[in-house]
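Q: Can you walk me through this one? I'd like to start with pockets, then go on to packing and charges.

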Amino acid sequence: MKDVDKIFTFLCDVTRNNTREWFTEHRAEYDEARAVFEDMVQQTINRIATFDGSVTHLQVKDCTYRFHRDTRFSEDKAPYKRHFGAYINARGKKSFHSGYYLHIQPGECLLAGGSWCLPSPMLRAIRNTIVDEIEQFRAIVERPEFKAHFPIIGEERVQTAPKGFARDYPYLDYIRPKDYSVACRVTDDLFRSKGWLDEVDRVFRLMKPFNDFINEVIDDFE
């Protein structure tokens, strides 16, 4: 996909020149890169809708984020992000509901999904459901193709066992996560290829049963 080079060129440039002055002078390049990314997001929404009809109503603006960073509580005071991201979530990008995340960043591209920043009652309910339905959960996450793409569940996890769960539970790794997300790293060249959308489709289809399992629990809260 030739136009995607506009994204990578701009993101490389803004990473080296992350100032308001530089951004103002190169606003046209940002606008071009953003337009290419938003077209990719629309194509991705359309493709996901073929196997997950819950996202059909979404528009690009429902899934994308502002490029300015909130630096109030960060040691990194660079005013702009170094990536473009879109969270395709049927309930909205601020929902706890599981969705599909597309991330483009030079050398750090990924396809991810699931649920982040879960409130304690919701997190506990997911863990309890996994314990109660462990064979169903294992059938999803231990499927060889799923495991090959998503080897780790959760970005953070407790060191031993969550409070209220036995330390000798045989599938402890499945209830230790503090979030229920998964991620698959992909190369920059994937998005430069003509078949990028087919690969995104394939990876997100693998993810859907995981999202469905988590969402069945979250639906009781939202």
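Q: What volume does the largest pocket have?
A: About 280 Å³. A pocket here is an open set of points on a 1 Å grid over the protein atoms alone, where a 1.4 Å probe fits, with protein on both sides within 12 Å along at least five of seven lines. Points are joined across faces, edges and corners, and the volume is the space filled by probe spheres set on them.

Q: Where do the coordinates come from?
A: This is a predicted model: local features need pLDDT of at least 70 and side-chain atom pairs count only at pLDDT 80 or more, while totals for chains, interfaces and linings use all residues. Residues are numbered from 1 along each chain as its sequence is written, and side-chain values use heavy atoms, with hydrogens and water left out.

Q: How many residues line the largest pocket, and which lie nearest its centre?
A: The lining has 21 residues, and Tyr-65, Tyr-87, Lys-93, Tyr-101 and Trp-116 lie nearest the centre. A lining residue has an atom within 4 Å of a point.

Q: Which elements give two or more residues to that lining?
A: α3 (27-48), β1 (84-88) and β3 (110-115). The largest share, three residues, is from β1. Helices (H or I, at least four residues) and strands (E, at least two) are DSSP runs, numbered from the N terminus.

Q: And the lining by class?
A: Nine nonpolar, seven polar and five charged residues. Ala, Val, Leu, Ile, Met, Phe, Trp, Tyr, Cys and Pro count as nonpolar, Asp, Glu, Lys and Arg as charged, and the others, Gly among them, as polar.

Q: Packing next. How many residues are in the largest nonpolar core?
A: 69 residues, and those with the most contacts inside the core are Ile-7, Phe-10, Tyr-180, Phe-191 and Phe-210. Helix α9 (residues 196-218) gives the most to this core, 12 residues. Such a core is a set of buried (under 20% relative accessible area, 1.4 Å probe, protein chains only) Ala, Val, Leu, Ile, Met, Phe, Trp, Tyr and Cys residues joined through side-chain atoms within 4.5 Å.

Q: What does Ile-7 touch?
A: Not counting residues up to four places away in sequence, Ile-7 touches Ala-33, Val-36, Phe-37, Met-40, Phe-84 and Ile-104. Contact means heavy atoms within 4.5 Å.

Q: Charges now. How many salt bridges in the whole structure?
A: The search finds 20, each a side-chain nitrogen of Lys or Arg within 4 Å of a carboxyl oxygen of Asp or Glu. In one of them, the side chains of Arg-192 and Asp-5 meet at 2.8 Å, N to O.

Q: What does that pair tie together?
A: Arg-192 is in helix α8 (residues 188-192) and Asp-5 in helix α1 (residues 4-16), so the pair ties together parts 187 residues apart in sequence.

Q: How far apart are the closest N and O atoms of Asp-13 and Arg-16?
A: 2.6 Å, in a salt bridge. Asp-13 and Arg-16 are three residues apart in helix α1, so about one helical turn separates them. Arg-16 counts as exposed (over 50%), at 59% relative accessibility.

Q: Which residues are joined into one network?
A: Arg-47, Asp-198, Asp-201 and Arg-205, through salt bridges that share partners.
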